[in-house]
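Colleague: I'm new to reading structures, and I'd like to know where all the labels come from. Can we go through one together?

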Amino acid sequence: MTTEAQTAQTDTGSAPVHPWVEPTRVHRNAYLDEQLFEQELTRIFHKTWVYVGHESEVANPGDYKTTYLGRQPVILSRDEDRKIHVLMNRCTHRAATVCQAKQGNSTFFRCEYHGWMFRNNGDLVAPTFSSGYDPADFDASKFALGRAPRVDSYRGLVFASLAAEGESLREHLGRVTEFVDLTIDLAPEGTIRLGAGTHRYSYRGNWKLQSENGVDGYHPNFVHQAFLETSYLGKGLFGPNSVARAGALGHGHAVLDFRTLMADVIRPMLDTPPGRRRVDQLTERLGDRERATEVFLAGGTQGFNILIFPNLQIIGAQIRVIHPRTPTFTEVDLYPYLHGGATEADDVARLRMHEAFYGPAGGGGPDDVEMFDRVGEGMAVEGVEWLHFLRGLRREEVDGEARWGHATDETPQRGFYRQWLELMGTRR
Amino acid sequence: MTDLDQSPARQAAITRAQAEEFLHHEAELLDAGRHREWLALFAEDAIYWVPSNEPDNDPNQHVSIIYDTLALLGDRITRYELGRVVQEIPSRTLHLFGNVQVVDPAPDVAPDLVEIRCGLALYEVHGQRNVTYPAHCRYLLRAEGGGWRIVLKKVAFLGNDQYFQSLAFVF
């Protein structure tokens, strides 16, 4: 059965192939091999669009934050002309990082090694003790900090690509924007903001384990059974008879879509004064009552989990960024996001809701991390070497570039690996 | 003369020896896995707070690693007792409290509370992991029913801006 299905999918002639990633299974080497990890950094993280931060984190001129683009340290900064830059955090002289703080506000970045100063747009002011540099050898304009050649944003989410050319951010995002819009449109002002701190955790396993897991509707009833025992959610949401869906949206993006179930929880609010007020406000801003009701009933990322290929997820009340460190070590940042125009009581409720399940001491997060550690250990076994993503293969609905399955199907993961193959595979 | 409006008269007092006795008892309950008895140390209106990123911030504006009411703390213990996934192998812990100080509470602290500050060296063994978590702690206690009840317990990990593997044990 497996073989037939695989043949049906790979016999398209031009589909890219890879010895370790097949349409419904992935070899353990894809999670362990050092050389493959280096290729992933080069061909995925240092090439495609990768999330670097949110505009609200650098709201004012001079604001900056440091993060990673793949493995490379970068600074997201806003200059005095309000332009956003993604600068390589590396002195152009002798390589030291020029910015140590996680975030702050500064006109300049100063390398502590030999004192070189850079403006927050990356330009070198001048080398220190400049009389030692002869203009014949040294042109300061050639020693600006490295810059990501392409930076673009969608609804405040800032992405960078280290490839000078390629598809636009909009093309890359494709149909996942539908879900990003539902998320952000729900906020009273139609914006979200970060700045409420972070949760940080790490695990002894490959980065792809977390990318797979954030849109996996098969695991909650098992991994999170202890949480579900103490929650109103219960086991129906991700049970075999759930009406929720899991979708691969194309370009590796995916969604775990349980809006139909959230709508049942939210719908009674439509008949209450606060609910009607919210829909009225949404209608005023969005200009369409039907759309306003759709946005309200979806409940934002209370109603679905988003994966934006390769390493960004929007889930619950958080933006989650997955940082590959080594083939078998990964760091994850969770940024709770708040609704623009929300009351302080709403903000507090979102933070408490986030903490209940997520983060290093949440009611669910540590159980996922425990499983990543166990997968990491199990993958040392030789002779049984494939991880299988076969569930629901025969009941996928094709919808343009997207494919839909049952909430518990491995449709999102198959979609993730189709994009992985596009970037990593070899065409026949 | 003390202006009572500015500085409410303290109605409660605790000695350092009493504070240490209380903390040693708490450590004993936690390290022996007697979590239900530990939960009984908390007052009805208690908050158990583990700040994230910084030793102190406004929990209404900033995410916390833990910000539990008594009910949520009870759920935490229920999950622990279920023994699933991360708790399939229970953590073993050792709590060492030191540098115990009884301090004058801040002006906004209710007059029936006492304040303790102390250091904590928390050792956890879980599966292959053997980790030390140093922390600064702050307690607000209230005398209730012949003993002290915790109204606020704050554990500010020195490393709370770094990456944690997981903090699934009850601490």
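Colleague: To start, what makes you call strand S13 of chain A mostly covered?

Modeller: Count its residues: 4 of the 5 in S13(A), residues 199–203, are buried. Buried means that 20 or more other C-beta atoms lie within 10 Å of the residue's own; 12 or fewer makes it exposed, anything in between partly exposed, and the C-beta atoms are placed from the backbone. Before we go on, this is a predicted model, where local features need pLDDT of at least 70 and side-chain atom pairs count only at pLDDT 80 or more, while totals for chains, interfaces and linings use all residues. Residues are numbered from 1 along each chain as its sequence is written, and chains are lettered from A and ligands numbered from 1 in the order in which they are written.

Colleague: And what makes a stretch a strand or a helix?

Modeller: Both are DSSP runs, numbered from the N terminus: helices are H or I with at least four residues, strands are E with at least two.

Colleague: How do you know that S13(A) pairs with strand S19 of chain A?

Modeller: Two strands pair if DSSP finds at least two bridges between them. S13(A) and S19(A), residues 329–336, have 5 bridges and run antiparallel, so they pass that cut-off. In this pairing Ser202(A) stands opposite Glu331(A).

Colleague: Which strands form the open three-stranded sheet of chain A?

Modeller: The order is S2-S11-S10, with antiparallel pairing. S2(A) and S10(A), residues 150–154, are the edges, as each pairs on one side only. From one strand to the next the twist averages 30°; angles like this run from 0 to 180 degrees between N-to-C directions, with axes being lines fitted to C-alpha atoms, for helices over the stretch in contact. S2(A) joins S11(A), residues 157–161, over 4 bridges, and His54(A) has Leu157(A) as its bridge partner. S10(A) and S11(A) have 5 bridges, with Arg150(A) opposite Ser161(A). As for cover, 5 of the 5 residues of S2(A), 50–54, are buried.

Colleague: What are the domains of chain A?

Modeller: Domain 1 is 50–161 and domain 2 is 186–258 + 303–424; such bounds come from an automatic or database domain assignment. Their centres, taken over C-alpha atoms, are 32 Å apart. Where they touch, domain 1 gives 9 residues and domain 2 gives 12. "In contact" means that two C-beta atoms, placed from the backbone, lie within 7 Å. S2(A) provides the largest share of the domain 1 side, 3 residues.

Colleague: Is H14(A) mostly covered or mostly open?

Modeller: Mostly covered, with 11 of its 14 residues buried, including Phe416(A), Tyr417(A) and Trp420(A). Among the elements covering the buried residues are helix H6 (207–213) and strand S23 (402–406) of chain A.

Colleague: What does H3(B) do where the chains touch?

Modeller: Overall, 26 residues of chain B are in contact with 32 of chain A. H3(B) gives the most to the chain B side, with 5 residues. That side divides into 13 nonpolar, 10 polar and 3 charged. Nonpolar covers Ala, Val, Leu, Ile, Met, Phe, Trp, Tyr, Cys and Pro, charged covers Asp, Glu, Lys and Arg, and the others, Gly among them, are polar.

Colleague: Last one: what is the order of the six-stranded sheet in chain B?

Modeller: S2-S1-S6-S5-S4-S3, an open sheet with mixed pairing. Its edges are S2(B) and S3(B), residues 92–103. Within the sheet, S5(B) and S6(B) run antiparallel, joined by 10 bridges, and Arg138(B) stands opposite Lys154(B).
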